[in-house]
Amino acid sequence: MHLHLPGFTMHYEIYGRDTPLLLIHAFPLNCQMWAPQIGDLAKEVKLIIPDMRGFGESDQPPETYRMEILADDCMALLDAVGAVQPVVIGGLSMGGYISLAFYRKYPHKVAGLILAATRASADTPEGKSNREAAAEKTKTLGVGALVSDMLPKMMSPMTYTSHPELVMHVESMMQSASVNGVVGALLGMKERPDSQDLLTQIDVPTLILHGTDDQLIPPQVAENMHEKIKGSKLSLVADAGHLLNIEQPQRFNQDVVEFLRSI
Ligand code: MLT
């Protein structure tokens with residue numbers, strides 16, 4: 001399905017019915033990363049999975065995709081699908097940054113948060129210059145250069161060596177990203193504000209999920225978020241790296257279903 005917004009058309013998919021759950025994909029992936037979740041979650045809720053601007057089948061405007069803009073896209077999507085009541089919103093990594101930006105801007109619209117493999121802090125100065133260098137490299141050499149640098153860190157070393165089919169699936173999603181999408185999201189993530197103060201203000205049920213073998217964001221970061229978000233639930237998933245929903249889908253789905261039933 002497609003939502004036509006001013007200057008931008010967003011692709012999204014919906015599975016199941018009743019209570020909405022909006023899940024936002026990681027960088028530089030697209031809504032297909034949630035394929036292992038569809039069967040289990042669509043039995044429980046109306047699962048809404050957008051391609052954020054620049055990715056998947058959505059348009060790729062050449063601009064900086066600030067997390068607030070991406071949060072506005074999510075709000076427009078919820079309006080378009082008729083989600084009047086507050087919804088559970090969540091995402092993995094960049095999807096978590098967008099979820100926090102959404103909570104900051106539209107707290108009244110959030111019934112619960114799912115924060116997977118993500119962090120609340122802003123980029124360090126070194127992180128910011130790495131983003132700029134990666135954006136320049138992508139403009140010059142294309143998306144393939146970023147894929148070679150990032151792919152081995154997207155999953156646990158065990159998944160990387162023992163599950164070539166998963167590695168190929170993730171690689172093909174990454175390769176399909178557009179230059180505008182990659183550059184726009186890199187510059188947007190670079191500019192994202194620190195949200196650590198926001199964590200102490202979150203007053204909706206929150207599930208934090210993190211792979212114990214995450215090579216991009218250490219599990220300690222999830223433990224710190226858990227300490228700051230009152231009443232949050234933390235699930236550390238063994239034998240999973242950054243893309244824990246793909247590496248350990250049963251455990252991921254079970255945690256999410258339990259969380260949804262508890263709120
Ligand atoms: C992601 O998986 O979305 C990215 O690793 C996030 C980031 O680069 O900070």
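1. Buried means under 20% relative accessible area, exposed over 50%, and partly exposed in between, with a 1.4 Å probe and protein chains only. At 57% relative accessibility, Asp18 therefore counts as exposed. Asp18 is not a glycine, yet its phi is positive, about 70°. Asp18 lies in the loop between strand E2 (8–15) and E3; helices (H or I, at least four residues) and strands (E, at least two) are DSSP runs, numbered from the N terminus.

2. The model is predicted: local features need pLDDT of at least 70, side-chain atom pairs count only at pLDDT 80 or more, and totals for chains, interfaces and linings use all residues. Residues are numbered from 1 along each chain as its sequence is written, and side-chain values use heavy atoms, with hydrogens and water left out.

3. Ala117 also has a positive phi, near 45°, in a residue other than glycine. Ala117 sits in the loop between strand E6 (110–116) and helix H4 (125–141). Ala117 is buried, at a relative accessible area of 0%.

4. Aromatic pairs next. Rings of Phe, Tyr and Trp (its six-membered ring) pair if their centres lie within 6.5 Å; planes under 30 degrees apart count as stacked, over 60 as edge-to-face and the rest as tilted. The count is three aromatic pairs. Phe27 and Phe55 form an edge-to-face pair, because their ring centres are 6.2 Å apart and their planes stand at 85°. This pair links distant parts of the chain, 28 residues apart: Phe27 is in the loop between strand E3 (20–24) and helix H1 (35–41), Phe55 in the loop between strand E4 (46–50) and helix H2 (67–80). Both Phe27 and Phe55 are buried.

5. Phe102 and Tyr106 have ring centres 5.1 Å apart and planes at 50°, so this pair is tilted. Phe102 is buried at 0%. Tyr106 counts as buried at 15%.

6. Check the peptide bond between Phe27 and Pro28. The bond is cis, with omega about -5°. Pro28 lies in the loop between E3 and H1.

7. Which residues surround the ligand? Among them are Phe27, Ser93, Tyr97, Arg119, Arg131 and His242; a residue is near a molecule if one of its heavy atoms lies within 4 Å of it. Ligand oxygen atoms lie 2.9 Å from a side-chain N or O atom of Ser93, 2.5 Å from one of Tyr97, and 2.7 Å from a polar side-chain atom of His242.

Conventions
Polar contact = N/O pair within 3.5 Å; in protein donor to acceptor, adjacent residues only side chain to side chain.
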